[in-house]
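Dear colleague,

I am passing this structure on to you, and below the display you will find notes on what turned up in it. Please keep it open beside the text as you read.

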Amino acid sequence: EAIEEAEETLDSGKALEKFRQMVRIQGGDPRIVDDPVLLPQARYKIPVRVPAETPDGVLVGLDTYQIGLLGVELGAGRRRKEDAIDPAVGFEIYKKIGDEVETGESLATVHANDESKGLRVAEELGDCFETGDGSPKVPQLIIKRIT
């Protein structure tokens, strides 16, 4: 029943309207929900691809901790409370654990306002993707059901 209710909320547009309301209440421009181009845009978009020396396979792991640190390096997070956050920078990640990957395929895009920092982060981000030819170690998302 819960799944059906969630699907109805998504299909009817109620969830999207609630998101617009949340953005508005927090002082944001709710138009960004329908037109993301209104969001701050980074000057540089740097692709991260599967390296040529990596054989085709499956994405078996992501170093999410390191990805978070790289986001801070770009300016998407803070080291200290006083640090400014740049809302235009960050990552688009196109693959999830279990997806097939091929040499040269795009894994992610780094959005940066400092080109040299963006290039350095893009290189390090590529190392956060672990590929293999076996089954991925998918983390357990539900630990325990309480009935």
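Helices and strands are here taken as DSSP runs, numbered from the N terminus, with at least four residues (H or I) for a helix and at least two (E) for a strand. The model is a predicted one, in which local features need pLDDT of at least 70 and side-chain atom pairs count only at pLDDT 80 or more, while totals for chains, interfaces and linings use all residues. Residues are numbered from 1 along each chain as its sequence is written, and side-chain values use heavy atoms, with hydrogens and water left out.

I begin with the start of the chain. Glu1 sits in the segment before helix H1, which covers residues 2-12. Glu1 counts as exposed because its relative accessibility is 86%. As for H1, the number of buried residues among its eleven is zero, so this helix lies largely in the open. Just after H1 comes Gly13, which takes a positive phi of about 90 degrees.

On the surface, a patch of negative charge gathers Glu1, Glu4, Glu5, Glu7, Glu8 and Asp11. Patches are made of residues with over 30% relative accessible area and no salt bridge, where like charges are joined within 9 Å and nonpolar side chains (Val, Leu, Ile, Met, Phe, Trp, Tyr) within 5 Å. For the charges, Lys and Arg count as positive and Asp and Glu as negative, whereas His and the chain ends are not counted; the place of a charge is taken as NZ of Lys, CZ of Arg, CG of Asp or CD of Glu.

Helix H2 comprises residues 14-25, and its twelve residues should span 16 Å at 1.5 Å a residue, which agrees with the 16 Å between its end C-alpha atoms. That expected span is 1.5 Å times one less than the number of residues in the helix. Just after H2, a positive phi of about 90 degrees is found at Gly27.

A nonpolar patch on the surface is formed by Leu16, Phe19 and Met22, which together have about 260 Å² of accessible area; such areas come from the Shrake-Rupley method with a 1.4 Å probe, and for residues only the protein chains shown count as cover.

Next come the charged pairs. Side chains of opposite charge can pair when their charged atoms come close. A salt bridge is counted when a side-chain nitrogen of Lys or Arg is within 4 Å of a carboxyl oxygen of Asp or Glu, and by this rule the count comes to ten salt bridges.

One of them joins the side chains of Glu17 and Arg20 at 3.2 Å, N to O. Because they are three residues apart in helix H2, Glu17 and Arg20 are separated by about one helical turn. Glu17 counts as partly exposed at 38% relative accessibility, whereas Arg20 is buried, with a relative accessible area of 17%.

Arg20 also meets Asp34 in a salt bridge of 2.7 Å, N to O. Since Arg20 lies in helix H2 and Asp34 in the loop between H2 and E1, this pair ties together parts that are 14 residues apart in sequence.

Arg79 counts as exposed at 60% relative accessibility, while Glu73 is partly exposed, with a relative accessible area of 25%. Elsewhere, salt bridges that share partners join Glu17, Arg20, Arg24 and Asp34 into one network.

Glu73 is placed in helix H3, residues 64-74, and its C-alpha atom is separated by 38 Å from that of Thr9, 64 residues apart along the chain. In strand E1 we find Ile46, which is buried, with a relative accessible area of 10%. The C-alpha atoms of Ile46 and His111 are separated by 6.6 Å, although the two residues are 65 residues apart along the chain.

With best regards

Methods: Buried means under 20% relative accessible area, exposed over 50%, partly exposed in between (1.4 Å probe, protein chains only).
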